[in-house]
Amino acid sequence: MKEGSTIPLEKVAFGGGCHWCTEAVFQQLRGVHRVEQGFVRSDPPNDSWSEAVVVSFDPEAITLAKLIAVHVSTHASTSNHSMRGKYRSAVYSLDEQQHQSARLILGELQHGYDNALVTQVLPYRDFKFSDTRFHNYYASDDMRPFCKRYIAPKMDKLNRSFHELLRGDSPARTRKH
């Protein structure tokens, strides 16, 4: 719970691309208190482990709708590519109310895309952490070749499209173009 607040933190999980990238994106946002990097699975036929993050957030500071908008805009959410087993595009809901809200939000967001969103809303069933040496991958060294090639463009997109949602100390806010 946020200090001085009576509103408890909420959780939601997201999968889309590499969990290093997804972790870095959500770590930049105001109202996000924790991002756990690992693998999530849902119900069959989506019960294989897929790279994802669990996001703990303050709903008074950032809404589920804004989190989902950031998510679909920072990974290939309209591409049903061959790696979707490992990189399932999904919002993993923790309860029925969140599930219904996420479905409505994705429906609204679809209007802003020419191609169909492949992002699914799935029930969250299980999580396992990735190897700890990969946690905070971008935050620990943003000059790695992987970070420069794949994560830096996401930081640029965040700064352009979601500047108002960024933490004041966010590297996405202060990136030199």
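Visitor: Which residue is the bridge partner of G38 in β3?
Guide: Strands (DSSP E runs of at least two residues) and helices (H or I runs of at least four) are numbered from the N terminus, and two strands pair if DSSP finds at least two bridges between them. Strand β2 (residues 32-41) runs antiparallel to β3, with eight bridges joining the two. Within β3, G38 has as its bridge partner A52.

Visitor: On what basis are residues numbered and features reported in this model?
Guide: The model is predicted, and local features therefore need pLDDT of at least 70 and side-chain atom pairs count only at pLDDT 80 or more, whereas totals for chains, interfaces and linings use all residues. Side-chain values use heavy atoms, with hydrogens and water left out, and residues are numbered along each chain, as its sequence is written, from 1.

Visitor: Which residue in β3 does F14 stand opposite?
Guide: Strand β1 (residues 10-15) is joined to β3 by five bridges, and these two strands run antiparallel. In β3, the residue that F14 stands opposite is V53.

Visitor: How many residues of strand β3 are buried?
Guide: A residue is buried under 20% relative accessible area, exposed over 50% and partly exposed in between (1.4 Å probe, protein chains only). In a regular strand, side chains alternate between the two faces of the sheet. Both faces of β3 are covered, with S50, A52, V54 and S56 buried on one side and E51, V53, V55 and F57 buried on the other. Strand β3 (residues 50-57) is therefore largely enclosed by the rest of the structure, the buried count being eight of eight.

Visitor: How many of the ten residues of helix α2 are buried?
Guide: The buried residues of α2 are L64, L67, I68, A69, V70, H71, V72 and S73. Helix α2 (residues 64-73) is thus mostly covered, and its buried residues number eight.

Visitor: Which residues does F14 touch?
Guide: Contact means heavy atoms within 4.5 Å. Leaving aside residues up to four places away in sequence, F14 touches T22, F26, A52, V53, V55, L67, I68, H71, A90, V91 and Y92.

Visitor: How many disulfides does the rule give?
Guide: A disulfide is a pair of cysteine sulfur atoms within 2.5 Å. The cysteine sulfur closest to that of C21 belongs to C18 and is 4.5 Å away, too far for a bond. C147 is in no disulfide either, since the nearest cysteine sulfur, in C21, is 8.0 Å away. The count of disulfides comes to zero.

Visitor: Where in α5 does the kink of about 45° lie?
Guide: The bend at a residue is the angle between axes fitted to the seven residues ending there and the seven starting there. The kink lies shortly before the proline P153, and the buried residues of α5 include C147, A152 and L158. The position of the kink is I151.

Visitor: Is Q27 buried or exposed?
Guide: Q27 belongs to helix α1. Beyond residues up to four places away in sequence, Q27 touches V35, N136, A139 and R167. Its relative accessibility is 15%, so Q27 counts as buried.

Visitor: What is the phi of N136?
Guide: N136 sits in the loop between β6 (126-129) and α4. With a relative accessibility of 37%, N136 counts as partly exposed. Although N136 is not a glycine, its phi is positive, at about 55°.

Visitor: What separation is found between the C-alpha atoms of D114 and D43?
Guide: D114 lies in the loop between α3 and β5 (120-123). It is exposed, with a relative accessible area of 83%. D114 and D43 are 71 residues apart along the chain, and their C-alpha atoms are separated by 29 Å.

Visitor: What is the omega of the peptide bond from P44 to P45?
Guide: P45 is located in the loop between β2 and β3. The bond from P44 to P45 is cis, with omega near 10°.
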